[in-house]
Amino acid sequence: MSTAAATVLPETDLMSKFDGLIAERAALLAAGVTDPFAIVMDEVKSPTVAVIKGRETILLGTYNYMGMTFDPDVIAAGKDALEKFGSGTNGSRMLNGTFRDHMEAEAALREFYGTSGAIVFSTGYQANLGMMATLVGKGEYIILDADSHASIYDGCAMGNAEVVRFRHNSVEDLDKRLGRLPADAGKLVVLEGVYSMLGDVAPLKEMVAVAKRHGAMVLVDEAHSMGFFGPHGRGVYEDAGVADDVDFIVGTFSKSVGTVGGFCVSNHPKFDAIRLACRPYIFTASLPPSVVATAATSIRKLMHAHNKRQHLWENARMLHGGLSALGFRLGTPTPQSAIIAVILNDQEQAVAMWQALLDQGVYVNMARPPATPAGTFLLRCSLCAEHTPEQLTRVIGLFEAAGRAVGAIG
């Protein structure tokens, strides 16, 4: 008795779905343009200057808002921890991965924010991933701004809550969406202080009031505002005077703090239970001690960085005013944050202008969908407190030349 030969099916190439992206990138590079998404920093000389392809370049496309990456005290703290504890933890926070400096970083966060609780995550992405997926469960609702960061959306996808979106920065639409939900259901409204693509600020005072009227808890991501919004630099929520009504603040060390990592702070009496239930906290390696040591030192210095805050806002006004006067279309009518977005007609114009700026020694971010709102192509400038007036004067002059060359301004 014979057994029929098993049928062998042709293999399906799982990578074929990326053919469109591969072709688009190949066409871009064939035109002789530097890949905007593969820039290599050969040397970083300061918070505002790097060497790229042998050229000294003004950095206007990093999130080093407060210029803490080269602070002598921050660097010294990292070196000390590296020598005392080695290069890594080799474990998660739940096992062997909590060192002295992890506790110091959480203590610094409690001091900075004036909260009773603080949890450090390995990245800002994981902080949002963990909080969205852990806080809100089946039968409960996350209500979020349509322009929310990818980490927020990914956290929602990882969890079991119902997700409701409202129009970007629309208090009216938030109110309407909340009004349609069951009154007795658990609800979390997720907002961002500053939205990273256009640099616009959320109307937190009005939005938080609406959320509380509907019985919802509130989480605000202050990644792009920590350090320079509010009297203590805590963020837009402090500046808006709604600290008592916000339940959770998420942030990152990779922006104003100048290193890497993420966190959430809260005054909720049960907040520490998140450590026992949050998978992105439990099942990942903890940050190296040298990293959290730099974070703790930087956070404590940011508590007193009033002059830096003032200078950063002066820089934002100078760049926004200069580009606006030249006729560029910007993401906000006034300088609302340390992000100045220059909106261009299409990808071709955006890439050409980005390349012209890079060739003359200015690095900015080129952004396109899906990172930006649909159909929007822009160059994103991220200011630093360490940028000098002379650097910004040069930047504005180079923007004028590049903008005229590609037809972005007359």
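Me: Which exposed residues does the face of α12 turned away from its buried side carry?
Reply: This is a predicted model, and in it the buried residues of α12 include Arg309, Leu312, Asn315, Ala316 and Leu319. Seen down the helix axis, the buried residues of α12 fall within an arc of 165 degrees, so they line one face. The face turned away from that buried side carries the exposed residues Asn307 and Ala325.

Me: How far apart are the end C-alpha atoms of helix α12, and what span should its 21 residues have?
Reply: Helix α12 covers residues 306-326, and at 1.5 Å a residue its 21 residues should span 30 Å.

Me: Against which elements do the buried residues of α12 pack?
Reply: The buried residues in question include His320, Gly322, Leu323 and Leu326. Their helix is followed by glycine 327, whose phi is positive, near 100 degrees. The partners against which the buried residues of α12 pack are α11 (289-302), β11 (339-344), β14 (377-382) and α14 (389-406).

Me: Is phenylalanine 228 stacked with phenylalanine 229, edge-to-face or tilted?
Reply: Phenylalanine 228 counts as buried at 3% relative accessibility, and phenylalanine 229 is buried with a relative accessible area of 6%. Both belong to one aromatic cluster that also takes in Tyr63, Tyr65 and Trp313. Stacked planes lie under 30 degrees apart and edge-to-face planes over 60. With ring centres 5.4 Å apart and planes at 45 degrees, the pair is therefore tilted.

Me: What is the length of the polar contact that joins the side chains of serine 286 and threonine 89?
Reply: Serine 286 has its place in the loop between α10 (279-282) and α11, and at 8% relative accessibility serine 286 counts as buried. Leaving aside neighbours within four places in sequence, serine 286 is in contact with Thr89, Gly91, Ser92, Arg93, Gly97, His102 and Ser122. The polar contact between the side chains of serine 286 and threonine 89 is 2.7 Å.

Key:
Residues are numbered from 1 along each chain as its sequence is written. This is a predicted model: local features need pLDDT of at least 70, side-chain atom pairs count only at pLDDT 80 or more; totals for chains, interfaces and linings use all residues. Side-chain values use heavy atoms; hydrogens and water are left out. Helices (H or I, at least four residues) and strands (E, at least two) are DSSP runs, numbered from the N terminus. The expected span of a helix is 1.5 Å times one less than its number of residues. Buried means under 20% relative accessible area, exposed over 50%, partly exposed in between (1.4 Å probe, protein chains only). The arc is that of the directions from the helix axis to the C-beta atoms. Contact means heavy atoms within 4.5 Å. Rings of Phe, Tyr and Trp (its six-membered ring) pair if their centres lie within 6.5 Å; planes under 30 degrees apart count as stacked, over 60 as edge-to-face and the rest as tilted. A polar contact is a pair of N or O atoms within 3.5 Å; within protein, one must be able to donate a hydrogen and the other to accept it, and residues adjacent in sequence count only if both atoms are side-chain atoms.
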